[in-house]
Amino acid sequence: MESTDPTKVSVMISYSHQDTDVMLNIRDLLTENNFEVWVDTKLKGGSKFFESIGSAIIGCDIFLFLLTKDSVASKFCEDEVSLARISEKKMVPVTYCNFREVIASMSPALRLILSSTQWICLDPGLQDAENNDKIVKSVKEASQTDKEETSNLPHNEDHEEDAESVVTKHQELHRADPNHT
């Protein structure tokens, strides 16, 4: 999805269709903040579904993954995350759900791919404007970071101790899977 406006950063959103309302809010928020956003709602009947989504991932600047129990259980979403990873896309995982419940629903492959990336964990206790600021700030930061730096990109302003929080999250990923060595 090459940006039609070279001054705009392009964002592809991967999500489960059960989370369409949340995705639409994020899409509108990013569009209002001058990002070019691609979601699969742009597909028309008869579209080459996989080719269109794959092209959008390969062509985007930022890959935003909306992490929920439904999206991490989706083979389609997992494939999209995998393509974004091998295409060296800057990833911004966003969750508004219970962190541990999401991890427990993840496949080992998805855990591995996302374990080195700081997630944005939206706080249901915050006002929408505060959560929205976190999303916009994280996408802007990701767009200004070199690809090599994205695997440990600090996305959450509440995590000044980013290295420690990444280690803690990584440990929780392993504890959630007792068969993992």
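Here is a short exchange about how some labels apply to this predicted model.

Me: What should I know about the numbering and the atoms used?
Reply: Residues count from 1 along each chain as its sequence is written, and side-chain values use heavy atoms, without hydrogens or water. As the model is predicted, local features need pLDDT of at least 70 and side-chain atom pairs pLDDT 80 or more, while totals for chains, interfaces and linings use all residues.

Me: Why is Cys-77 called buried?
Reply: Buried means under 20% relative accessible area, exposed over 50%, and partly exposed in between (1.4 Å probe, protein chains only). Cys-77 has 2% relative accessibility, so Cys-77 counts as buried.

Me: And what makes Cys-121 partly exposed?
Reply: The relative accessible area of Cys-121 is 26%, so Cys-121 falls in between those limits.

Me: How many disulfides are there?
Reply: A disulfide is a pair of cysteine sulfur atoms within 2.5 Å, and by this rule the count is 0.

Me: Why is Asn-34 called partly exposed?
Reply: Asn-34 has a relative accessible area of 44%, so the in-between class applies.

Me: What is the mean pLDDT of the chain?
Reply: pLDDT is the predictor's confidence in each residue, from 0 to 100; the chain's mean is 80, and 75% of its residues reach 70 or more. Over residues 147–171, though, the pLDDT is below 50. Where pLDDT is low, the predicted coordinates should not be read in detail.

How values were computed: Contact = heavy atoms within 4.5 Å.
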